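Keep the viewer open as you read, and take the points in order.

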Amino acid sequence: MSGKVYFAAAGMGPKVRGLALVAKDGFSARYDLDRMRGVFSRPQHKLAGESYVGRVLVLDAAKGGVATAWMLHDMKARGLVPAALVLNAVNPIMVQGAALADFTMISGFDVDITQAIANGGRGRGRSDPGAAVHPDHLIGEKELR
Amino acid sequence: MRLTDEEVSMRAGDRGPALQWAIDHQIRVGRYLGADDFVPVAQAHIMADTESLGVAGVEWLERMARLPIEQRRVCIPTITDPRGTDFAAAHRLKHAPWMLDLERRAIAAFEALGILMTDTCINYQTIMAPVRGEHVAYGDTGVVIYANSVCGARSNFEGGPSALSAGLTGRTPRYGYHLDARRRATLVVDVAWTPRALDDWGALGAIVGRLAGDYWQVPVLTGIDRVPGSDEMKHFGAALASYGSVALFHMAGITPEAQRLDDVVEAGQAVPSFEVGEADIRALQHSYARAVDTVDLVVFSAPQLSLVEMRQLADMLDGRRATIPLFAVTSPQVKPDADRMGLTARIEAAGGTVLAGMCFYQSYAREMAEANGWKRLATNSAKLVNIIGGYGYVPALMSMEACVAAACADGKVAPRMAP
């Protein structure tokens, strides 16, 4: 395993690995996603049209309403769920949803994590080659495939 | 987290698996967010429409509902946010039978848990407004921000699982807006033009929400030159919460915790400050209207309409005829009054449809669009325009008057003056 380690202020869920999908934008399951197709659907979102399934989403802040607390659970049950969420700032809803779904999420860094991880440059969002998310830190990996 | 003997007992499963799950869930959340202990709460409010729950969520609730009655009942007044349909109008909305079946199953499960099916996001106008300093566990962002800001109560955003946990355990982790220190302002917004119409208030909320940026920011507004009414605060707060994920605001000289600016901003404390004027509000509104010259439907929802809004709408529709779908969505508590006072009849005589107990975006909005051929939507709710784009709609933010005019002109939208 290679890559720089970024420590998070808080985290939960099992260790996961996956291709990172990075954008300086927010996250709300209700506002931003077509959960039936597994893509970002809000036209104004920087990842609009991108599939989030199995990806480590590296985004700025949790946004929107309370629905995500249930939706992560349903998304996981249907197999259309990101591998993990990595956020500069969470709101309680994301934490509550991750707790219900036993979903991996970490947040709170001493850098802007969307700038630290972003170095790919594919599509409208920026895809890092990969990231491994541990309960308290994120490893941005250069060679993960 | 420090746990009392009672909380340790719950966690050990002494009071059954529902409380064991609930307290464990709350501990996980509390640890993540830095809670030292729990705080008792007086009420809980659960958001749990079936579009959010999904089949997995309903089955999860049903498993809890099958527990022995002494192990599954909530211990504080616990009420619900809007449901995913209005059964009386489901055919009009073209809700599919599977949606109604899932709704019925969810309702049965909630009732088995002892939850009061109020189905409203305006409980602060219709059920029981919290009082200043009261700790609650509310689960709709518009409800939370109104309770915190206008009432001076104390709640975080409590998603469905956490609000249900609070109902079962009677407590919630003490973090965020249960703490004095979190309730101080982190940015100042000087408002040079006090909004007039409800969509103006929503637009101001959207602008301030974008400035704030995340849940942990607390804006204080200065310059508001009159005391806003409950519906104005409702639209402002709902939009602020939606655009910024903000749970608390202050208005200097108006809201209870900020009788003076100094009450929420310490003297000498450097906080970011911003100015917002009429041009900013018009620009926000224009940004949602400029691409739309004709709409397929008009929706008044998000939040549900108060009785006063219902009367305003009925007055505007008198003697006119909506020629495209026009929906007025209210609470199950307001609807009987609207019926009794003839407001429902007046709205429906003009071609509108009054819906109760649901909210448009929480009611399978994507499937409704596909089934009905809806795409372009006009509303006076800034919150709704922020959400509904993700469901495939092209929304226009307009005043109630302009929405009614469009509904009565085959959907044609009068051009809004560019800012």
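1. Let's begin in a loop of chain B. B:Gly176 sits between strand 4 (171–173) and strand 5 (187–191) of that chain. Is this glycine buried or exposed? B:Gly176 counts as buried because 23 C-beta neighbours lie inside 10 Å, and the cut-off for that label is 20 or more. Please bear in mind that this is a predicted model.

2. Which residues does B:Gly176 touch, once its neighbours within four places in sequence are set aside? In chain B the contacts are B:Leu33, B:Asn156 and B:Arg182, and from chain A there is A:Pro92. For a sense of scale, pick out B:Phe236 as well: B:Gly176 and B:Phe236 are 60 residues apart in sequence, and their C-alpha atoms are 21 Å apart in space.

3. Now turn to chain A. Its secondary structure consists of 4 helices and 11 strands. Of the 145 residues in chain A, 59% are buried. Taking contacts in chain A with a separation of 6 or more, 75% are between residues 24 or more positions apart.

4. Helix 2 (residues 68–77) of chain A deserves a look of its own. It is mostly covered, with 8 of its 10 residues buried. Those buried residues run through A:Thr68, A:Ala69, A:Trp70, A:Met71, A:Leu72, A:His73, A:Asp74 and A:Met75. What covers them? The cover includes helix 1 (29–32) and helix 3 (92–101) of chain A, along with helix 3 (50–65) and helix 9 (160–169) of chain B. Just after helix 2 of chain A comes A:Gly79, which takes a positive phi of about 75°.

5. The contact between the two chains comes next. Chain A brings 33 residues to it and chain B brings 32 residues. On the side of chain A that touches chain B, strand 2 (10–12), helix 1, helix 2 and helix 3 of chain A each supply at least two residues. Sorted by class, that side of chain A has 19 nonpolar, 9 polar and 5 charged residues.

6. Chain B is assigned domain 1 (5–180), domain 2 (184–285) and domain 3 (291–407). The centres of domain 2 and domain 3 of chain B, taken over C-alpha atoms, are separated by 26 Å. In the contact of these domains, 15 residues come from domain 2 and 15 residues from domain 3. Helix 10 (198–212) and helix 11 (230–244) of chain B each supply at least two residues of the domain 2 side. Helix 11 of chain B gives the most to that side, with 7 residues. By class, the domain 2 side divides into 7 nonpolar, 5 polar and 3 charged residues.

7. B:Glu7, B:Met10 and B:Arg11 in helix 1 of chain B meet B:Leu19, B:Gln20, B:Ile23 and B:Asp24 in helix 2 of chain B. This contact has 3 nonpolar, 1 polar and 3 charged residues.

8. B:Ala302 and B:Pro303 are joined by a cis peptide bond, with omega about 5°, and B:Pro303 is in strand 9 (residues 297–305) of chain B. B:Ser245, although not a glycine, has a positive phi of about 55°. B:Ser245 belongs to the loop between helix 11 and strand 7 (250–251) of chain B, and it counts as buried because it has 30 C-beta neighbours inside 10 Å.

9. B:Asp410 is not a glycine, and its phi is positive at about 55°. You will find B:Asp410 in the segment after helix 18 (400–407) of chain B. Is B:Asp410 buried or exposed? It is exposed, with 11 other C-beta atoms within 10 Å.

Note on methods
Residues are numbered from 1 along each chain as its sequence is written. Chains are lettered from A and ligands numbered from 1 in the order in which they are written. This is a predicted model: local features need pLDDT of at least 70, side-chain atom pairs count only at pLDDT 80 or more; totals for chains, interfaces and linings use all residues. A residue is buried if 20 or more other C-beta atoms lie within 10 Å of its own, exposed if 12 or fewer, and partly exposed in between; C-beta atoms are placed from the backbone. Two residues are in contact if their C-beta atoms, placed from the backbone, lie within 7 Å. Ala, Val, Leu, Ile, Met, Phe, Trp, Tyr, Cys and Pro count as nonpolar, Asp, Glu, Lys and Arg as charged, and the others, Gly among them, as polar. Domain bounds come from an automatic or database domain assignment.
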